[in-house]
Amino acid sequence: MSIGSLLILPGDGIGPEVMAEVKRIIDWFGEKRDLTFDVSEDLVGGAAYDAHGTPLHDDTMAKAQEVDAVLLGAVGGPKYDVLDFSVKPERGLLRLRKEMDLFSNLRPAQCFDALADFSSLKRDVIAGLDIMIVRELTSGVYFGEPRGIFTENNERVGINTQRYTESEIDRVARSAFELAMKRGKRLCSMEKANVMESGILWREVVTEVAKDYPEVELSHMYADAGGMQLARWPKQFDVIVTDNLFGDLLSDVAAMLTGSLGMLPSASLGLPMANGRPKALYEPVHGSAPDIAGQGKANPIACILSFSMALRYSFDLGAEADRLEKAIEDVLADGVRTADLLGQEGVTPVSTSGMGDAILAKLDASL
Ligand code: IPM
Ligand code: MG
């Protein structure tokens, strides 16, 4: 019996290659754990533009609204740089986020012990790092109106608007407090209340929501100081909650701390559907890496870990997610490396599918 539906959108660049490994993992869970998913596949980004002249076809959008979880590879590539802004590959992704109302974006930054030396920071600053950034994903300056390029006094002016309603702040704050309750019970909220009214309101609403979570220790930080503290001593943080734009920046900083962008997954969650599962989209933090696309060099781990987040957050299969994450940890401990993780002398990199093979072997061994 199928335990739920998945829509796979491999997208562009390395997306299809890394997603191919995820499909093998999904098959493994069906064969060896009797956990089968109802899987369908479709196009997004440049691939959708090539086929339909739009980065996300309406039929694909409709399908995404129906399934339990969407798994996305990556979108974009130099070939599409010349396209009009309205049909750029990224617009497909932004439409999915907005129309599915995926307001809570979970971006973990975890340091795998075997990779601690890849960080630009010293080992003791980074070893054991495990933080979670909760980024608001459907509002703020990414979507605020007015926006556009206008003419004023004979010159052009580019305008974007930072805008947050109380309810938008309230719901993302609650999702962050809920996560903090399941983790280290510490939450740091980041904004710029010293310069922005939206930041003042953000701080007020988060402080109000905190009354419902007395066990969670809440702190506030200006987002620029937050970036500095992330680089100085990241282990001071457990969960961070912040807006769409600051979250975009801070999650890239946090990702790079771990030394391996090719390792980091993300989950974007919305409101519960009729079956109680949240609307959900899972994707690696890395992009489409057009420079290495099609060469079997890409690291599939971020995409596989994104599926692991789906097991945990959409299908309530935390123990199976642990099994998959442990398999990945073991593979890394054995010294198996894709090309992005080289550094040590004498290590020959494995291909994308070679990494998939190694993870599947560890999964078999876990039974
Ligand atoms: C991200 C990306 C996207 C964003 C782009 C591709 C639109 O940078 O998911 O972090 O800015 O949100
Ligand atoms: Mg980004």
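This is a predicted model: local features need pLDDT of at least 70, side-chain atom pairs count only at pLDDT 80 or more; totals for chains, interfaces and linings use all residues.
Residues are numbered from 1 along each chain as its sequence is written, chains are lettered from A and ligands numbered from 1 in the order in which they are written, and side-chain values use heavy atoms, with hydrogens and water left out.

**Around ligand 1**

- R97 also reaches the ligand: a side-chain N or O atom of R97 is 2.7 Å from an oxygen atom of ligand 1.
- On its own, ligand 1 exposes 320 Å², and the protein buries 71% of that (areas come from the Shrake-Rupley method with a 1.4 Å probe).
- The residues around the ligand (those with a heavy atom within 4 Å) are E90, R97, R107, R135, Y142 and D248.
- What kinds of residue make up this shell? Five are charged, one is nonpolar and none is polar, where Asp, Glu, Lys and Arg count as charged, Ala, Val, Leu, Ile, Met, Phe, Trp, Tyr, Cys and Pro as nonpolar, and the others, Gly among them, as polar.

- Strands here are DSSP runs of E with at least two residues, numbered from the N terminus.
- Strand β6 (residues 144–152) pairs with strand β7 (residues 155–161) in the antiparallel sense, over six bridges; a pairing needs at least two bridges found by DSSP.
- One of the links joins T151 to its bridge partner R156 in β7.
- Two residues lie between the strands of this hairpin, and N153 in the turn has a positive phi of about 50°.
- N154 lies in the loop between β6 and β7, and N154 has a positive phi of about 65° although it is not a glycine.

**A cis peptide bond**

- Where does P146 lie? P146 is in strand β6, and a cis peptide bond with omega of about 0° joins E145 to P146.

Methods: A polar contact is a pair of N or O atoms within 3.5 Å; within protein, one must be able to donate a hydrogen and the other to accept it, and residues adjacent in sequence count only if both atoms are side-chain atoms. Helices (H or I, at least four residues) and strands (E, at least two) are DSSP runs, numbered from the N terminus.
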